[in-house]
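Subject: Structure handover

Hi,

Here is the structure you asked to take over. Please open it first, then read my notes next to it.

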Amino acid sequence: MPCSNSNGPPATAGVHLTPTKRHIGAGDPSSSTCSDSGAVVVVGAHKGGRQRRTTVPERPNLPINLWSIMKNCIGKELSKIPMPVNFSEPISVLQRVTEDLEYANLLETGAKLSTLEQMCYVAAYAASNYSTTCHRTNKPFNPLLGETFEFDRMDDLGWRSVTEQVSHHPPAAAHHAEGNGWTMYQDFTMTSRFRGKYLSVIPIGFTHVVFPATKSHFSYRKITTTVHNIIVGKLWIDNHGDMEITNHETNEKCLLKFVPYSYFSREQPRKVYGIVRDAEGIPKYVVQGTWDKSIDMLKVSSWNGNHEKPKLEVDETSLKRIWTANPLPKNAEKMHNFTKLAIELNEPEEGVAPTDSRLRPDQRLMENGEWDEANRKKLEIEEKQRVVRRRREAEKELAMKKGDKYEEYEPTWFVRVQDESNGALIHQFKGGYWEAKEQQNWEKCPDIF
């Protein structure tokens with residue numbers, strides 16, 4: 001759903017499904033892909049090693065009884081409700097988390113700057129993670145336990161990423177990425193509640209950004225996303241809350257405010273505002289803009305000395321636009337409102353782990369427009385996962401009765417440790433994935449599909 005340019009929320013319909021025909025050859029990485037509009041995407045070589053696809057099959061216009069499904073969801077944890085693919089977009093949560101890296105160039109630029117300037121770029125990066133949320137109102141697929149997603153874009157974008165579903169209840173994903181001069185890692189867990197008129201998603205866990213050259217180590221928690229008018233009215237999304245970004249090496253901080261939308265407020269919709277302070281708490285920079293369009297940074301020229309309620313004067317001549325959102329591709333509204341990067345996420349690729357989201361059959365069927373078959377396959381895969389879980393629970397119970405030690409589930413590529421910066425438990429990438437890919441040795445991977 002496109003963002004509105006007015007002062008109100010996006011003026012778009014709720015569950016908006018557009019008609020289409022299926023792509024031909026969408027599941028074959030070596031084929032040409034023909035869309036109904038006549039666009040042809042040939043997978044071949046270019047400066048990044050291959051030419052990525054530029055379209056996905058258009059979203060079918062299939063009827064759905066929204067209330068018959070949603071009436072049973074009120075007050076429940078969203079991750080525990082079996083949802084048909086009609087509500088989904090054809091990518092997994094692991095791929096959606098990887099989408100945070102669309103503007104990873106901000107981190108590459110920040111790696112070369114002073115620590116206070118790095119804070120501005122990390123703040124812009126954190127805000128950029130929400131830039132597509134006002135367009136994307138369908139939910140990604142919940143990953144299976146042990147599901148992975150890798151994205152190696154070192155050749156053209158300068159970074160690569162590995163994500164793994166490390167827990168099923170509560171659902172949690174571990175993410176590790178590395179680029180030119182930076183490393184990023186995060187645990188993505190969330191709670192969600194449906195209250196009839198709105199759905200709130202509250203992320204849990206920290207995102208970390210490390211710049212080895214300056215030894216800077218930043219961390220922050222993500223803010224709340226709320227989907228309004230779930231049942232009746234025009235669907236729209238708001239991101240709101242305070243995000244405190246800390247440099248654990250220098251103790252410099254930024255409180256980045258995502259201002260909640262209000263019909264009665266004069267504030268600019270989707271406004272983001274933050275003050276970057278040095279270790280003594282003195283304001284040095286202001287970061288401002290909107291989470292869906294652009295972010296600027298300005299130097300602070302003077303302030304009133306009040307740490308609790310600072311009044312700042314900024315040097316207007318120092319204004320620098322450090323982030324601008326990429327425009328959506330042509331006909332994006334027919335393709336799940338995907339960005340260019342999102343279109344590339346689920347493109348079939350050879351050599352990935354057998355647990356990779358791109359190999360998940362129900363998700364591929366859904367992308368290709370075969371929704372009835374996708375729903376059948378989704379139930380089949382989820383039942384397979386439940387059988388494995390019941391077996392493990394029975395084995396655990398038996399071991400406890402015998403007094404034996406039971407080996408809990410261990411992720412394949414991550415290990416749970418205590419983070420030195422804030423004491424929180426996180427999943428740390430233990431390496432080995434890229435070496436396994438090079439050798440095509442996937443014996444560690446579970447059979448989940």
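A residue counts as exposed when its relative accessible area is over 50%, and as buried when that area is under 20%; partly exposed lies in between. Asp447 has a relative accessible area of 62%, so Asp447 is exposed. Keep those cut-offs in mind for what follows. Also keep in mind that this is a predicted model.

**Salt bridges**

Side chains of opposite charge can pair when their charged atoms come close. The count here comes to 33 salt bridges. Three of them are described below.

Lys384 forms a salt bridge with Asp447, and their closest N and O atoms are 3.3 Å apart. Lys384 lies in helix 7 (residues 371-402) and Asp447 in the segment after helix 8 (433-439), so the pair ties together parts that are 63 residues apart in sequence. Lys384 has a relative accessible area of 32%, so Lys384 is partly exposed.

Next, look at Arg50 and Glu349. Their side chains meet in a salt bridge at 3.0 Å, N to O. Arg50 sits in the loop between strand 2 (40-42) and helix 1 (66-70). Glu349 sits in the loop between helix 5 and helix 6 (361-367). The pair therefore ties together parts that are 299 residues apart in sequence. Both Arg50 and Glu349 are buried. They also belong to a network of salt bridges that links Arg50, Arg52, Glu347, Glu349, Asp356 and Arg358.

Then find Arg136 and Glu99. Their side chains meet in a salt bridge at 2.8 Å, N to O. This pair links distant parts of the chain, 37 residues apart. Arg136 is in the loop between helix 4 and strand 4 (139-141). Glu99 is in the loop between helix 2 (93-98) and helix 3 (105-110). Are these two buried or exposed? Arg136 has a relative accessible area of 4%, so Arg136 is buried. Glu99 is buried too, at 6%.

**Cysteines**

How many disulfides does a search of the whole structure find? It finds zero. Take Cys120 as a case: the nearest cysteine sulfur, that of Cys254, is 7.2 Å away. A disulfide needs two cysteine sulfur atoms within 2.5 Å, so Cys120 is in no disulfide. Cys254 is in no disulfide either. Cys120 is buried, with a relative accessible area of 0%. Cys254 counts as buried as well, at 1% relative accessibility.

**Helix 4**

Helix 4 covers residues 115-128, which makes 14 residues. At 1.5 Å a residue, helix 4 should span 20 Å. Its end C-alpha atoms are 20 Å apart, which agrees. Helix 4 is mostly covered, with 13 of its 14 residues buried.

**Backbone points to check**

Most residues other than glycine have a negative phi, and most peptide bonds are trans.

- The peptide bond from His169 to Pro170 is cis, with omega near 0°. Pro170 is in the loop between strand 6 (159-167) and strand 7 (172-179).
- Asn229 is not a glycine, yet it has a positive phi of about 60°. Asn229 is in the loop between strand 12 (224-228) and strand 13 (236-247). Its relative accessible area is 26%, so Asn229 is partly exposed.
- His336 is not a glycine, yet it has a positive phi of about 65°. His336 is in the loop between strand 19 (320-324) and helix 5 (340-345). At 7% relative accessibility, His336 counts as buried.

**Pockets**

The largest pocket has a volume of about 1,200 Å³. It is lined by 40 residues, and Leu145, Val166, Ser167, His168 and Tyr409 lie nearest its centre. Which element gives the most to this lining? Helix 7 does, with nine residues. By class, the lining has 17 nonpolar, nine polar and 14 charged residues.

The second largest pocket has a volume of about 440 Å³. Of the 24 residues that line it, Arg153, Leu157, Lys340, Leu341 and Glu344 are the closest to its centre. Helix 5 gives the most to this lining, with four residues. The classes here are nine nonpolar, seven polar and eight charged.

Best wishes

Technical notes:
Residues are numbered from 1 along each chain as its sequence is written. This is a predicted model: local features need pLDDT of at least 70, side-chain atom pairs count only at pLDDT 80 or more; totals for chains, interfaces and linings use all residues. Side-chain values use heavy atoms; hydrogens and water are left out. Helices (H or I, at least four residues) and strands (E, at least two) are DSSP runs, numbered from the N terminus. Buried means under 20% relative accessible area, exposed over 50%, partly exposed in between (1.4 Å probe, protein chains only). The expected span of a helix is 1.5 Å times one less than its number of residues. A salt bridge is a side-chain nitrogen of Lys or Arg within 4 Å of a carboxyl oxygen of Asp or Glu. On a 1 Å grid over the protein atoms alone, a cavity is a set of points where a 1.4 Å probe fits but cannot get out, and a pocket is an open set with protein on both sides within 12 Å along at least five of seven lines; lining residues have an atom within 4 Å of a point. Grid points are joined across faces, edges and corners, and a volume is the space filled by probe spheres set on the points. Ala, Val, Leu, Ile, Met, Phe, Trp, Tyr, Cys and Pro count as nonpolar, Asp, Glu, Lys and Arg as charged, and the others, Gly among them, as polar.
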